[in-house]
Every structure is written in C-alpha cells, then in structure tokens.
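Hi,

Here is the structure I promised to pass on. Have a look at it first, and my notes follow below.

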Number of protein chains: 2
Amino acid sequence: MAWSGRVALTPPTLADVAELAGVSRQTVSNAVNNPELLRPDTLARVQDAIAELGYSPNRAARNLRTRASHLIGMKFNPAQEGTANAAMDRFVHTLVETTGENGYHLLLFAGTTEDPVGGYDDLLRSTAVDAFIVTDTYLGNPQVAWLTDHRAPFVAFGRPWDNPETSHAWVDVDGAAGTELATDHLLDKGHTRIAWIGWRKDSFIGEDRRAGWTRAMHARNLPTTGLASRVEDTVTSGREAAAVLLDEAQPSAFVCASDTLAMGVLHTLGDRGLAWGPDIAVVGFDDSQVAQVVPGGITSVRQPLEQVAVEIVKALEGLLTTPPIAGPGVLLAPTLAVRGSSG
Amino acid sequence: MAWSGRVALTPPTLADVAELAGVSRQTVSNAVNNPELLRPDTLARVQDAIAELGYSPNRAARNLRTRASHLIGMKFNPAQEGTANAAMDRFVHTLVETTGENGYHLLLFAGTTEDPVGGYDDLLRSTAVDAFIVTDTYLGNPQVAWLTDHRAPFVAFGRPWDNPETSHAWVDVDGAAGTELATDHLLDKGHTRIAWIGWRKDSFIGEDRRAGWTRAMHARNLPTTGLASRVEDTVTSGREAAAVLLDEAQPSAFVCASDTLAMGVLHTLGDRGLAWGPDIAVVGFDDSQVAQVVPGGITSVRQPLEQVAVEIVKALEGLLTTPPIAGPGVLLAPTLAVRGSSG
DNA sequence: CTCAGCCGTTGGATCGATCAAGAGAGGGGT
DNA sequence: ACCCCTCTCTTGATCGATCCAACGGCTGAG
C-alpha cells in the first residue's frame with residue numbers, strides 16, 4: 001500500500017522489489033511463486049521488500065507470459081420477471097467465493113439471442129478467460145457442442161441430457177430425488193391423492209423431476225393417472241392447472257416442478273377459500289425467496305447450490321491442471337425445506 | 001475461427017496476420033485500432049487476413065502495453081435468505097450487457113467481513129481492473145473513503161450520505177420520490193390514515209424513503225404522528241409492527257420501506273382474516289419477485305435498475321477517458337407498479 | 001590442493017501487442 | 001530542379017513477469 005501515497009500512480013514492479021531487497025528479478029519471482037527455492041534469510045528479506053512497497057505482480061504481464069488469465073467466464077442469465085426463480089443469486093455468490101479462494105475470478109458476459117456463442121467466441125479467441133462455466137444446458141443449446149469443438153475447457157451445471165456419451169465435466173442436482181423426497185414427505189403425512197404440476201414434455205429437467213413423483217407414488221402402489229399436468233412455467237399456468245386438477249381429480253396435495261407453479265396453486269386455493277397446509281398441501285421446487293416469505297411458507301425442494309458451486313470449481317481445477325484430469329459428472333442430492341404449506 | 005481446427009492450440013498473433021497480408025505488425029494494429037490511418041485497399045487486405053485466420057488481439061498483451069484491463073470490478077453481495085430483496089439480479093444483468101457494449105467486462109469478487117477492502121486492494125494493486133462499481137454504500141462503509149484515498153476510479157450506486165462534499169461519481173434512485181408516489185397513490189384512493197413501516201433511524205436510505213411518506217402526508221395536512229414504525233428488515237419485524245400499528249393507530253393503509261416488510265404486513269392481515277387490497281391497502285418497495293407473484297400482487301415502488309446500470313457505465317466511461325470527466329451525481333426517479341394490494 | 005556436484009542466483013530472451021520515431025513515395029509551391 | 005510537407009507504412013523499443021541456460025560460491029571426495 002505504500003506506493004499509493006506517492007505522486008506517481010504506477011505500482012511497483014518486480015524490478016523495484018529486487019533493487020530494494022538487493023537481489024535479482026528472478027529471485028523475487030521465486031519468492032512469490034516458489035518460496036522453497038530460496039534460503040530462509042533471503043526469502044525474508046525479499047518478503048520485507050514486497051511488504052514495504054506493497055508489491056503485487058502485474059496481472060497482465062503474468063498472463064501474457066504464462067498464457068493463462070486466471071479468469072473463468074460465465075454467461076449471466078437473469079431470472080424472468082414474474083416468476084419465483086432467482087436461484088442464480090445464491091449460486092453465483094458461492095461461485096465467486098470459491099473461485100476467489102482458488103486464485104480465480106469470475107468474468108460475467110452477456111449473450112445475444114441471435115448469436116448464442118458470440119460471447120464465448122470473443123473471450124476464447126482473445127484468450128481472456130481460461131475456462132467457462134455453462135449454466136443453461138437446456139435441450140438444443142449449441143454452446144456445449146461448440147465449446148467441445150473448440151477445445152475450450154468448461155464445466156456444465158446440468159447433465160448432458162441429449163447425449164449421455166459426451167465426456168465433458170458436469171455437475172448437477174438430482175431433481176428426481178428431490179421430488180421423490182417431496183412426495184414421500186406428503187405420503188408420510190397421510191396424503192394418497194398427490195397431483196403433479198410440471199413443465200412441458202420436451203423439458204428434460206421437467207421430466208426428471210416428474211419421474212421422482214411417479215417413482216414415489218408407484219413405490220406405494222398409488223395411481224398417478226389423471227393426477228398430472230404439464231404447463232408453462234408461469235404463475236397463471238400453475239393456477240389454471242391447479243383449478244382443473246381440483247375439479248377433475250380431487251387431489252389433497254400438489255407437488256410442483258417449481259415455486260412459480262406452487263405459487264399458482266396457492267392462487268387457486270385462495271380463490272376457493274381453501275387454506276394451504278391444513279386443507280390442501282403444496283410443495284414447490286427451488287426454495288426461492290417467495291417460498292420463504294409467503295404467509296405460512298411453502299415447503300420446497302432446496303438445491304445444494306453452494307455445493308454445486310464448490311464441485312464446479314473443483315472440476316475446473318482438474319481441467320486446468322496439466323495434464324487435464326477429467327473426472328466424471330457429479331450428481332448431488334437436494335434437501336427438503338419444510339414449511340406451512342405441507343401441513 | 002479457422003485456427004481452432006488446427007492441431008496447434010495457439011491462436012494467431014498479430015504477426016501471423018501481418019505476414020499473411022504482406023504488411024507489418026503495426027499496420028495490422030492500426031487496422032484494428034485506427035482504421036482511418038490506412039489506405040482503403042490495404043485496410044481491406046488486412047481485414048481479409050484477420051477474417052481468414054480468425055484473429056482476435058491477445059488481451060493480456062494489449063493490457064500490458066496499454067495499462068488497462070478493460071475489466072470493471074464489482075463485489076457481489078448476495079441477497080439475504082428469508083427476505084424479498086433480490087434486486088441485484090436485474091441490476092447485474094443490465095450492467096453486464098451495458099459494459100459489454102462498451103468493450104468492458106464485469107469481474108466479480110467476494111469480500112470477507114473482517115477485511116472489507118481486501119478484495120479491492122488485491123485487484124487494484126495487481127492492475128487487474130480499471131475501475132470499480134460499489135453497491136453497498138451504507139453508513140460507515142469504509143470502501144468509498146479507501147478507494148478515494150487510493151485514487152481508484154469508481155462509481156457508486158448510492159449517494160454519499162455521510163459526506164455530501166465528497167466528489168466521487170455516483171448514481172442513485174430517489175427513494176423519497178418513490179414513497180411519495182406510493183403515498184399519493186393511496187391518498188388518491190381515499191385513504192387518510194396511512195402508516196409507515198421502515199428501517200432503523202441510522203439507515204440513511206430508510207430515512208430518505210420515510211421522508212417521501214411524510215412529505216406526501218403533510219402536503220395534504222394529514223398527521224403522521226403515531227403512524228410510523230422503525231424496525232429490522234425482516235418479515236417477522238414487519239408482521240409485528242403491522243400488528244401494533246393496527247391496534248394502536250387503526251390505519252387503512254401501509255407504506256413500507258421494502259417488500260420484505262410489506263410481506264410481513266400481509267402475514268398480519270392474513271392472521272386477522274383481513275383481505276389485502278379491499279380491507280387494508282399495502283405498498284412495498286423494490287418490485288421484487290415476491291411482490292409480483294403473491295396472490296393479488298403487491299403494489300410496489302420499482303427502481304429503474306436498468307437505467308441505473310446504464311448511467312453507471314456512462315459515468316465509468318467518463319472516468320476512464322483522459323482527462324477524466326467527473327460528472328455530478330445522477331438521481332433517477334422510480335415508478336410505481338400497481339397491483340392488487342392497493343385496491 | 002583440485003575438481004565434481006549442488007544450490008542459489010544471474011542476465012538475457014520471451015510472451016504479443018502498442019508506442020515512438022523514422023523512411024519512402026508522391027504532390028505542390030517557388 | 002529544389003525543398004518541404006503530407007500520407008502511408010515500417011522498424012526498433014517497450015510494458016512486467018516468467019522461462020531458460022549458465023554462472024558463482026560452497027562443500028566434500030579424491
């Protein structure tokens with residue numbers, strides 16, 4: 001910090017430290033990167049000089065020489081307005097913390113809809129980032145294939161649904177295990193007619209979550225036919241689906257693919273003067289802020305996003321060491337946050 | 001992109017382009033940075049070569065030479081669990097987009113509680129970022145003073161409450177105008193006993209928002225005494241404050257400093273079998289996802305976060321040009337998102 | 001006393017772009 | 001014909017850290 005008080009605004013360089021400590025540049029470099037190569041007294045002298053000048057290696061110079069930026073690129077996808085899905089926040093926070101602990105920083109960039117790989121291409125070609133984290137691995141997303149083609153190191157949050165043979169690193173949450181947890185919770189409470197409100201059939205994630213519900217129901221020999229609905233992920237869709245199901249199938253509980261849909265169910269219950277919890281149980285997915293603050297609270301499946309972030313950084317570390325260690329995918333188990341909406 | 005198909009994984013350099021185009025390195029550099037210096041036919045020839053090789057300037061090398069990283073650092077502060085405040089998401093998204101359009105990228109870093117300026121210090125000393133965006137400008141935050149001391153360019157989201165004489169660039173939202181808008185909206189609906197639930201007195205932001213409520217009330221010669229409460233920003237605090245106010249002051253409407261507090265009011269109304277909207281009106285602040293999806297919806301003051309982001313980037317551009325153009329602060333007006341909770 | 005062996009240290013070259021200065025061609029004025 | 005100026009492009013040096021090969025001093029064996 002000493003230098004900041006000076007008039008000149010140029011930070012000290014390695015050469016400045018070397019001069020002050022009475023050693024050569026390489027010795028200072030070793031003191032920073034390979035301290036074990038120095039005699040203890042020399043090391044101490046250099047470290048004193050570093051502290052006195054407030055020296056910190058110039059990133060650009062280091063990046064240029066080592067051909068690594070120590071930056072991880074991630075496309076920032078905002079949550080949609082009018083939904084309850086703001087999981088990104090919790091995830092990004094842990095990601096920032098974890099990458100920071102490992103000497104990396106997170107670089108955010110935006111994507112345009114007409115050119116989904118544009119941002120990736122620029123950053124890769126200008127060697128601005130060492131690797132990417134890909135978060136939107138929905139069906140038909142060309143990014144994973146593009147990155148693989150261009151030999152860009154990356155870790156995906158999400159399984160390679162469409163092609164299980166692809167060998168890239170990934171971390172995901174077992175959605176089916178989550179909904180199974182939710183359904184079992186309701187079954188244990190005595191419910192037998194448990195309805196499902198999920199997403200359209202072309203969503204792999206949606207079908208995965210739905211599978212957890214059917215698995216739990218069938219494990220207790222309970223029927224699922226007529227009890228399921230597949231809609232868009234909006235509050236109004238959830239509301240309408242709940243109304244139809246209540247009329248036609250008389251369920252006593254709902255398991256939903258998202259908190260947004262669960263919120264829709266609450267709307268319908270409110271319309272009909274039914275209390276969520278005592279009258280009809282509802283479970284959502286994502287443990288969003290909405291689930292946490294709504295009167296009574298919504299029981300919801302909570303993804304271990306902190307753990308996901310840690311695993312992603314671990315996988316990145318593996319990829320960026322030489323030679324790259326490509327571990328298999330990692331599948332993490334969610335938990336259930338129980339609140340008033342399930343009794 | 002051509003190079004990516006090759007065996008060697010090294011991207012083409014400026015020298016490669018120069019050789020292919022039959023010109024010198026400097027000419028290629030000019031073609032990229034100062035095209036007007038070249039004869040049209042030479043420019044075209046160089047651009048063809050650039051396209052053929054898929055050349056993109058190496059960031060590290062450019063950064064080293066120009067002493068600029070084209071990165072903007074921002075500490076990522078996650079929303080608290082159990083609150084409704086997830087404004088960060090919308091803000092960050094526009095920020096990423098806007099910085100990207102201006103040739104910058106956003107670098108996120110984490111802060112530790114015991115060393116609030118640690119992250120800033122590292123990035124600044126290693127010349128990893130050109131400037132900072134500071135978002136948590138609450139009272140007693142040492143970052144602004146520290147950055148000023150160290151002559152680090154930065155723009156703050158938030159006014160310099162504690163010291164109006166400081167001359168750094170800032171962008172803020174006129175919170176008082178927002179609550180005044182909210183209060184006027186309720187007054188126009190015929191309410192006269194409008195209560196305020198806000199934050200503790202040491203919060204400048206909270207006092208600012210409160211001032212909008214008093215201003216609107218006094219403008220119509222309505223009393224405010226006994227109608228205000230100052231609590232922590234949690235749902236339970238809002239709930240308790242609403243209960244006390246209902247018992248002691250019989251308000252017909254509430255204006256709250258946050259959606260979290262508004263949500264607390266809804267809890268109390270639910271407890272007492274009162275309908276929000278028809279019986280008691282409620283207005284929140286932030287237009288969070290919670291306000292948007294709760295049954296009926298919560299009327300809420302919406303901060304123009306997209307506009308804030310744009311203004312911040314504009315201010316950054318001014319700071320980073322030579323000589324720095326330090327414009328005055330920018331104060332933006334919020335809007336009111338009207339929903340069921342206010343009628 | 002000499003020499004191999006080892007450790008810590010040294011100067012020089014390097015990464016890839018930009019800055020600074022200069023060279024060569026062409027044009028107009030005197 | 002001469003000079004000077006402008007326009008266009010080229011050459012060498014530079015940013016700051018790291019890699020590389022070699023060098024000096026010390027120890028211990030012969």
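The two copies meet through the same surface, because 100% of the interface residues of chain B are also interface residues in chain A. Please keep in mind that this is a predicted model. Chain B can be laid on chain A by a turn of 180° with a shift of 0.0 Å along the axis, and the RMSD is then 0.1 Å. That is the relation of a two-fold axis.

Next, a sheet in chain A. Six strands form an open sheet there, in the order S7-S6-S8-S9-S10-S12 and with mixed pairing. Which strands stand at the edges? They are S7 (228–231) and S12 (335–337) of chain A; each has a single partner strand, so one side of each is left without a neighbour in the sheet. On average, neighbouring strands of this sheet are turned by 20° against each other, direction ignored.

Within the sheet, strands S8 (residues 253–256) and S9 (residues 281–285) of chain A pair in the parallel sense over three bridges. Here Ala253(A) stands opposite Ala281(A) in S9(A).

Two helices are worth a look as well. Helix H10 (residues 235–249) of chain A packs on the sheet and touches S6, S7 and S8 of chain A. The direction of H10 makes about 160° with that of S7(A). Helix H9 (residues 204–219) of chain A lies across S6 (194–199), S8 and S9 of chain A, and H9 runs at about 165° to S6(A).

Best wishes

Conventions
Residues numbered from 1 in each chain as written. Chains lettered and ligands numbered in written order. Predicted model: local features only at pLDDT ≥ 70, side-chain atom pairs only at ≥ 80, totals over all residues. Pairing = 2+ DSSP bridges. Helix = DSSP H or I, 4+ residues; strand = E, 2+ residues; numbered from the N terminus. Axes fitted to C-alpha atoms, helices over the stretch in contact; angles between N-to-C directions. Contact = placed C-beta atoms within 7 Å. Least-squares fit on C-alpha atoms with pLDDT ≥ 70 in both.
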